[in-house]
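This report walks through one protein model, beginning with a single residue and its surroundings and then widening the view. Please keep the sequence and the structure at hand while you read.

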Amino acid sequence: AAALRALELECDVILKATNVDGVYDKDPKKHDDAKKYDELSLQEAIEKGLGVMDQAALSLCREQKIGVVVFDFSKKGNLLKVVKGEKIGTRVTP
């Protein structure tokens with residue numbers, strides 16, 4: 001739904017607030033050796049099957065060149081930081 005709405009509103013990026021500080025190769029709450037991505041492409045997220053969003057949403061974002069920033073919403077000040085363009089979380093680029 002977020003990807004469709006972003007397309008309708010002609011957004012450049014979707015800000016995805018979560019309870020972890022970015023995108024990982026596996027669940028960081030279950031695996032101590034989980035690797036965090038600071039940046040990756042939508043294509044990489046699709047190919048690696050990462051749980052950024054569902055595959056249809058990732059494909060739509062890729063086709064329409066809509067980026068995604070995944071960040072930890074529970075950390076005070078993060079929403080302001082991401083809106084200001086500071087590098088927090090993971091940037092998933094088109």
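## A residue and the core around it

Leaving aside its neighbours within four places in sequence, I14 is in contact (heavy atoms within 4.5 Å) with A2, A3, A6, M53, C61, I66, G67, V68 and V69. I14 also belongs to the largest nonpolar core, which has 20 residues, and I14 is listed there with V23, V52, M53, C61, V68 and V92 as the residues with the most contacts inside this core. The elements that give two or more residues to this core are the helices α1 (2-8), α2 (42-48) and α3 (55-64), together with the strand β5 (67-72). The largest share, four residues, comes from α3.

A nonpolar core is a set of buried Ala, Val, Leu, Ile, Met, Phe, Trp, Tyr and Cys residues joined through side-chain atoms within 4.5 Å. Buried means under 20% relative accessible area, exposed means over 50%, and partly exposed lies in between (1.4 Å probe, protein chains only).

## How to read the model

The model is predicted, and local features need pLDDT of at least 70, side-chain atom pairs count only at pLDDT 80 or more, while totals for chains, interfaces and linings use all residues. Residues are numbered from 1 along each chain as its sequence is written, and side-chain values use heavy atoms, with hydrogens and water left out.

## The whole protein

The protein has four helices and six strands, where helices (H or I, at least four residues) and strands (E, at least two) are DSSP runs, numbered from the N terminus. Read from the N terminus on, the elements follow the order α-β-β-β-β-α-α-β-α-β. The radius of gyration is 13 Å, close to the 12 Å that the globule rule gives for 94 residues, so the protein is as compact as a globular protein of that length. This radius is taken over C-alpha atoms, and the globule rule is 2.2 Å times the number of residues to the power 0.38.

Along the principal axes, the C-alpha atoms fill a box of roughly 40 × 30 × 20 Å. Of the 94 residues, 37% count as buried, and among the contacts with a separation of 6 or more, 57% are made by residues 24 or more positions apart. The protein exposes about 6000 Å², of which carbon and sulfur atoms supply 50%; accessible areas come from the Shrake-Rupley method with a 1.4 Å probe, and for residues only the protein chains shown count as cover.

In α3, the residues A57, L58, L60 and C61 are buried. Seen down the axis of α3, its buried residues fall within an arc of 160 degrees (the arc of the directions from the helix axis to the C-beta atoms), so they line one face of the helix. An α-helix has 3.6 residues a turn, so residues three or four places apart point the same way. What covers the buried residues of α3 includes α1, β1 (13-18), α2 and β5, whereas the face turned away from the buried side carries the exposed residues A56 and E63.

At the start of α3, a side-chain oxygen of D54 reaches to within 3.1 Å of the backbone nitrogen of A56. K65 counts as exposed, at 60% relative accessibility.

## Buried and exposed residues elsewhere

Beyond four places in sequence, T90 touches several residues, including D21, K36, Y37, L40 and V69. N78, in helix α4 (residues 78-84), also counts as buried, at 7% relative accessibility, and beyond four places in sequence N78 touches F71, D72 and I88.

K29, in the loop between β2 (23-24) and β3 (36-37), is exposed, with a relative accessible area of 59%, and its contacts beyond four places in sequence are N19 and V20. E10, in the loop between α1 and β1, counts as exposed at 71% relative accessibility, and E10 has a positive phi of about 55 degrees although it is not a glycine.

Key. Polar contact = N/O pair within 3.5 Å; in protein donor to acceptor, adjacent residues only side chain to side chain.
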